[in-house]
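Biologist: Could you take me on a close look at a single part of this protein? I am new to this, so please go step by step and tell me what surrounds it.

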Amino acid sequence: MTYGYIRISTDKQTIDNQQYEIERFCSTNNLKIEQWIKETISGTKSPEKRLLGPLLAEVKAGDLIICSELSRLGRSLFMIMSILNHLMLRDVRIWTIKDNYRLGDNIQSKVLAFAFGLSAEIERELISQRTKEALARKRSEGMVLGRPSGKRNSRLKLSGLEQEITGLLDKQVSKSEIGRMYGVNRMTVDSFLKERKLH
């Protein structure tokens, strides 16, 4: 299956340019887009909150995704690397037109997949370490962390940490891992995000 993926950030932009680029590329290379995925959404949103999420879950070995450039997949390097690593581990090819990337079943892609996976693991570890250091610093400054005395609602543990938690989500840190960092469970994190209307 050959997919064409198009993403624009606002409704003031148009998908026409990207679609034209992809169609011209396919014509030149004797390819045909069998399914289009088009969406208007910020690249800072995680793939699960975009149409890209179901596509990543649906693709199979041998499939090909064509997009105009890698930046259409996401706004951060970490997010793009995570997506590419996911695709290459599933033997899905992804080609870009402007960047001229051809990621697929070759030794260069396998080396990249290893590098992407290693980088993602290091990034997650650094995020966890920075969070722990920040919490330790707050404790040393006398800030009381955890549930205030007499309060039952564990979501209070997360009060004031909205920006930090949003940053972690943007970097693809799971809700379960965030919960472990702050001493709460995943459902508490999920409830907190819904209550604060975050993500």
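Modeller: Tyr 3 is buried, because its relative accessible area is 2%, and the cut-off for buried is under 20%. Please keep in mind that this is a predicted model.

Let's begin with where this residue sits. Tyr 3 belongs to strand 1, a strand that is mostly covered, with 7 of its 7 residues buried.

Now for the neighbouring strands. One of the pairs to look for is Arg 7 with its bridge partner Glu 39 in strand 2. Strand 1 also pairs with strand 3, again in the parallel sense, over 3 bridges. There, Gly 4 has Ile 66 as its bridge partner.

With that in view, come back to Tyr 3 itself. Leaving aside neighbours within four places in sequence, its contacts include Ile 33, Gln 35, Ile 37, Leu 55, Val 59 and Ile 65. Glu 58 is also in contact with Tyr 3, and the side chains of these two residues are joined by a polar contact of 3.1 Å. The fold also brings together parts of the chain that are apart in sequence: Tyr 3 and Cys 67 are 64 residues apart along the chain, yet their C-alpha atoms are separated by 8.6 Å.

In soluble globular proteins, nonpolar side chains tend to be buried together. The largest nonpolar core in this model has 20 residues, and those with the most contacts inside it include Tyr 5, Leu 55, Ile 65 and Leu 87. Strand 1, helix 2 (52-58), strand 3 (64-67) and helix 3 (77-89) each supply at least two residues of this core. Helix 3 gives the largest share, 6 residues.

Not counting residues up to four places away in sequence, Ile 65 touches Tyr 3 and Tyr 5, along with others including Leu 55, Leu 87, Ile 94 and Trp 95. Apart from this core lies another, of 16 residues, with Leu 158, Ile 178, Val 184 and Phe 192 among them.

Conventions: Residues numbered from 1 in each chain as written. Predicted model: local features only at pLDDT ≥ 70, side-chain atom pairs only at ≥ 80, totals over all residues. Heavy atoms only, no water. Core = buried A, V, L, I, M, F, W, Y, C linked by side-chain atoms within 4.5 Å. Buried < 20%, exposed > 50% of the residue type's maximum accessible area, 1.4 Å probe, protein only. Helix = DSSP H or I, 4+ residues; strand = E, 2+ residues; numbered from the N terminus. Contact = heavy atoms within 4.5 Å. Polar contact = N/O pair within 3.5 Å; in protein donor to acceptor, adjacent residues only side chain to side chain. Pairing = 2+ DSSP bridges.
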